[in-house]
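Dear colleague,

I am handing over the structure we spoke about, and I would ask you to keep it open while you read the notes that follow.

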Amino acid sequence: MQYQVPKGMRDVTPKESYKWQYIEGIIRDLCEVYGFNETRTPVLEHTELFLRSVGDTTDVVQKEMYTFTDKGDRSVTLKPEGTAGVARMFMEAKLFNEAQPTKMYYLTCPVFRYEKPQAGRLREHHQFGVEVYGAPRASVDAECISIALKLFETLGISGLSVNVNSIGCPNCRPAYNEKLKQYLAANYDDLCETCRTRFEKNPLRILDCKEEKCKKITAGAPKMLDCLCDDCANHFEELKSALEAMGIAYNVDPMIVRGLDYYTKTVFEIISTEGQFKGTVCGGGRYDGLLEQLGGPKMPGVGFGLGMERLLLVAESFRPIPLPRPVGVYIAAMGEAARKEGMRLVKELRDENVKAEFDHVGKSFKAQFKYADKLGARFVAILGDSEIEQGIAKLKNMEKGEELTVPLSKFVATVKNILA
């Protein structure tokens, strides 16, 4: 039997991992500048956490979660998104007792959704996200949008559209839901089966439906922006003002509702409008009632998530990701005495932060040169019985073909100077 990775999941091979590391490095540097600290949560959570936070009328819960019963007869789920786990961690660790706000991020967080695999969106994919608790002002909403845009800018991604909306709060949304239901009632029979089940319990979710017939029906639906309470309306105006103060262009899109039930007030999407991969590359918003909904204190929250696989595709469609640092020196040794000296030199070179490699297979000199060339080594040091007797190494420049004789006693220092 030939084993294969499950459908909708993929390996990251050693040849491509540098791309992930490059983007992860940029993300970590940005988060440090913006004052976000990393958090890591388990890949497995109790199913009830997602039912209460994400919402049992969402596609994620109804169609996409990997849920099973463990050996203790408990229902557990591979996390389908990052925010609920961070919220649970925030409460369990009692971080709400600390000075606020708490600014966190998670990186390459694996999430699992049983859906049709597509480019940049697999059944197991990885997310980068930021979460802020304890900050009620809309300026932090704008800051979250700002760090996402800075990441895209650093990666050379252009043609981005920032779209914002407000979906209100528990004070103003019930009246809007009734208004929306009155509008949808005339076309109830034409809604898809999923949206008909949402009609009574969560009509706002119908605006998020991707079925063409439902999109046509909701095109003329009442807008939540016209039904906001004073608090939500003021918050939305403050968000727009903060974005303008930061020089961030934006569009107001009243059809953005996001696909998860915990959102309140601000919701936003960043969309790629140029290049090979168009569409949403980042989405998020505010979830002021999430902690309270999960049994914790009343505390505002805001954040976003973006898929790393899709980010890689989009970034590479604009410019190549820089290759990793090449091998500085490959030591080609032949004979036991030469191999021992070669191992000593490799160790000393690495101790001096020189990227060095050595033959562990027992290849011929010709094969070692061929392998060094494949690695992109800048220099190859030749060590044989003759070189050991003379106390030297021959150092060949692989690009120019020039060869230099270097005393073994000065080999490491000479190589460092040449590479510098």
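Does Lys-181 count as buried or exposed? Please bear in mind that this is a predicted model, and that the answer is therefore a computed one. Lys-181 has a relative accessibility of 13%, and because buried means under 20% relative accessible area, this residue counts as buried. Lys-181 belongs to helix α6, which covers residues 173-185, and, when residues up to four places away in sequence are left aside, Lys-181 touches Phe-199, Glu-200 and Pro-203.

Next comes the sheet. Eight strands make up an open sheet with mixed pairing, and their order is β1-β5-β6-β11-β10-β9-β7-β8. The edges are taken by β1 (37-38) and β8 (251-252), each of which has a single partner strand, so that one side of each is left without a neighbour in the sheet.

Within this order, strand β5 (residues 102-112) pairs with strand β6 (residues 124-133) in the antiparallel sense, over nine bridges, and you can find Cys-109 standing opposite Gln-127 of β6. Helix α1, made of residues 17-34, lies across β1, β5 and β6, and runs at about 160° to β5.

Another part of the sheet to look at is strand β10 (residues 279-286), where six of the eight residues are buried, so the strand is largely enclosed by the rest of the structure. Strand β9 (residues 264-272) runs antiparallel to β10 and is joined to it by seven bridges, with Gly-284 in β10 as the bridge partner of Phe-268. These two strands, β9 and β10, form a hairpin with six residues between them, and in the turn Gly-275 has a positive phi of about 80°. Strand β10 also pairs in the antiparallel sense with strand β11 (residues 301-307), over four bridges, and here Gly-283 has Gly-305 of β11 as its bridge partner.

Finally, there is a feature of the surface. Val-43, Leu-44 and Phe-68 together make a nonpolar surface patch of about 220 Å². Phe-68 is placed in strand β3, which spans residues 66-69, and with a relative accessible area of 39% Phe-68 is partly exposed, whereas Lys-181 counts as buried.

With best wishes

Key
Residues numbered from 1 in each chain as written. Predicted model: local features only at pLDDT ≥ 70, side-chain atom pairs only at ≥ 80, totals over all residues. Heavy atoms only, no water. Pairing = 2+ DSSP bridges. Contact = heavy atoms within 4.5 Å. Axes fitted to C-alpha atoms, helices over the stretch in contact; angles between N-to-C directions. Buried < 20%, exposed > 50% of the residue type's maximum accessible area, 1.4 Å probe, protein only. Patch = residues over 30% accessible without salt bridge, like charges linked within 9 Å, V, L, I, M, F, W, Y side chains within 5 Å. Areas by Shrake-Rupley, 256 points an atom, 1.4 Å probe, with all protein chains shown as cover. Salt bridge = Lys/Arg side-chain N within 4 Å of Asp/Glu carboxyl O.
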